[in-house]
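Visitor: Please show me how to read this model, one feature at a time.

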Amino acid sequence: MKPTSPAPGYAFISLPERVDRQPRPPHAAHDRRHEATYSGTLRLTWLAEQPIHIGTGFKRLVGDRNARAILREHARLGDVPCIPGSSLKGVLRARFEAVTHSCFDPPKHDVRVKIRSSTFNERGITHAILNADAVRGFERTCRSPGPLCPACALFGALNLRSRLVVTDARPAAPTLDSYTIPEQFVPNLHHVGRLRVRESDNVLEIQRLHGRKFAVGRDERPPPSNYAHAAAQRQAQPQRLEVLPVGTHLHSELRYTNLTTAELGGLLAALGLAPRSRLKIGGGKCHGLGRLFLAEHTHRPRGKHDDEPLDLDGCAHAFARSPACQAANLARLVALHGEDC
Ligand SMILES: [Zn+2]
């Protein structure tokens, strides 16, 4: 069957042919410094190139009696809005996974999920299901002391501590703004892979995943009146979000322990530092939110009293030549998350 065109707002990066799980390398540990590995701290200054919304699940009512609205709150540290280190690390991990032969968290398989599609709904097809074969071998099953994929070896797995610590990113001048986007739905399962209609029970069956999903989306918001119209047609409510405004600078630290040159290179790719790219983080990424750029960094090796520049080219080169690297996927990630994602 001809695949339906994926909804705008996201793109896919192919899965590797296989997950490359290897016995745990001795340097994937915290017990001591290992030879030919690096430890240190990167001080990072991030720039919000689009408004950023990291949701907490909390909402509050704003406005007066004539125009009440629900505002979805942004994450805070105490009273100060921030990007939690866990959110940043999650994005870095997803990007590192995409450019290496790593495992991932696929959508649930063998569970019937309701779909919104006039084409299919008209034909009486209301549910989709992901075939177990579509994800076999890619599921996140790495656990120490068993073999580990490149991402689990670096970012941690069951029984294995991560060799990276990412601190909360705090704004230099904390302010919050509000921003309205259309109501967000859980993405339609039938957009994530190659599919066929299973005749026995009239369900759409995803037989093969397009890959890992990455959000892309410039701000192409129609005027609010069109918005309201589109929302009414879909019986959807526009969502008002608390956001860090464009131009916000945020500071965080990334501490790393016992990384090989190739691992450091993979991390620099995930950070969008070498090669250069942007991160997309938080809510509303398909609607012109979430683009984060690593504007500045300094680097201090562990045990040193002065900053030393990182050999960006050397690390990037070592990563590109390492068996962990998926060069085509790295090129795709950089192309997807360029200046206008
Ligand atoms: Zn893994």
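Guide: Let's start with R60, which is partly exposed at a relative accessible area of 34%. Here buried means under 20% relative accessible area, exposed over 50% and partly exposed in between, using a 1.4 Å probe and protein chains only. This is a predicted model, so local features need pLDDT of at least 70 and side-chain atom pairs count only at pLDDT 80 or more, while totals for chains, interfaces and linings use all residues. Residues are numbered from 1 along each chain as its sequence is written, and side-chain values use heavy atoms, with hydrogens and water left out.

Visitor: With which residue does R60 form a salt bridge?

Guide: The general idea is that side chains of opposite charge can pair when their charged atoms come close. The rule used here asks for a side-chain nitrogen of Lys or Arg within 4 Å of a carboxyl oxygen of Asp or Glu. R60 pairs with E242, their closest N and O atoms being 3.1 Å apart. This joins distant parts of the chain, since R60 sits in strand β3 (residues 55-62) and E242 in strand β15 (residues 239-243), 182 residues apart. Strands (E, at least two residues) and helices (H or I, at least four) are DSSP runs, numbered from the N terminus.

Visitor: Is E242 buried or partly exposed?

Guide: E242 counts as buried, at 4% relative accessibility. E242 also meets R76 in a salt bridge, with 3.0 Å from N to O. That pair again links distant parts of the chain, from E242 in strand β15 to R76 in strand β5 (residues 76-77), 166 residues apart. R76 is partly exposed, with a relative accessible area of 33%.

Visitor: How many salt bridges does the count come to?

Guide: The count is 20. One of them pairs R112 with D201, at 3.8 Å from N to O. Here both partners lie in loops: R112 between α1 (85-98) and β7 (113-114), D201 between β12 (193-198) and β13 (203-209), 89 residues apart. R112 is partly exposed at 46%, and D201 is partly exposed at 30%. There is also a network of salt bridges that links R93, E97, D105, R140 and R212.

Visitor: Now the metal. Which residues are the protein donors of the zinc ion?

Guide: Donors are N, O and S atoms within 2.8 Å of the metal (3.2 Å for Na, K and Ca), and sites may look incomplete because water is not among the atoms. In this model the SG atoms of C103, C142, C149 and C152 lie 2.3 Å from the zinc ion. Along the chain these donors follow the spacing C-x38-C-x6-C-x2-C.

Visitor: What do the angles among the 4 donor atoms say about the site?

Guide: Ideal angles are 109.5 degrees for four tetrahedral donors. Four donors count as tetrahedral if all angles lie between 85 and 135 degrees. The zinc site is tetrahedral, with angles of 107 to 112 degrees. As for its cysteines, C142 is buried at 5%, C149 is buried at 0% and C152 is buried at 1%.

Visitor: How many disulfides does a search of the whole structure find?

Guide: The search finds 0, a disulfide being a pair of cysteine sulfur atoms within 2.5 Å. For C286, the closest cysteine sulfur is in C341, 11 Å away, so the two are too far apart for a bond. C286 is partly exposed at 29%.

Visitor: Which residues touch the most other members of the largest nonpolar core?

Guide: In soluble globular proteins, nonpolar side chains tend to be buried together. A nonpolar core is a set of buried Ala, Val, Leu, Ile, Met, Phe, Trp, Tyr and Cys residues joined through side-chain atoms within 4.5 Å. The largest one has 64 residues, and W46, I83, L88, L254, L271 and L292 touch the most other members. Another core, of 13 residues, lies apart from it and includes A11, A98, V216 and L330.

Visitor: Why is helix α5 called largely enclosed?

Guide: Helix α5 (residues 261-271) is largely enclosed by the rest of the structure because 10 of its 11 residues are buried. Among them are E263, L267 and L271. Just after α5, G272 takes a positive phi of about 75 degrees.

Methods: Tetrahedral: all angles 85-135°; square planar, octahedral: opposite > 155°, others 65-115°.
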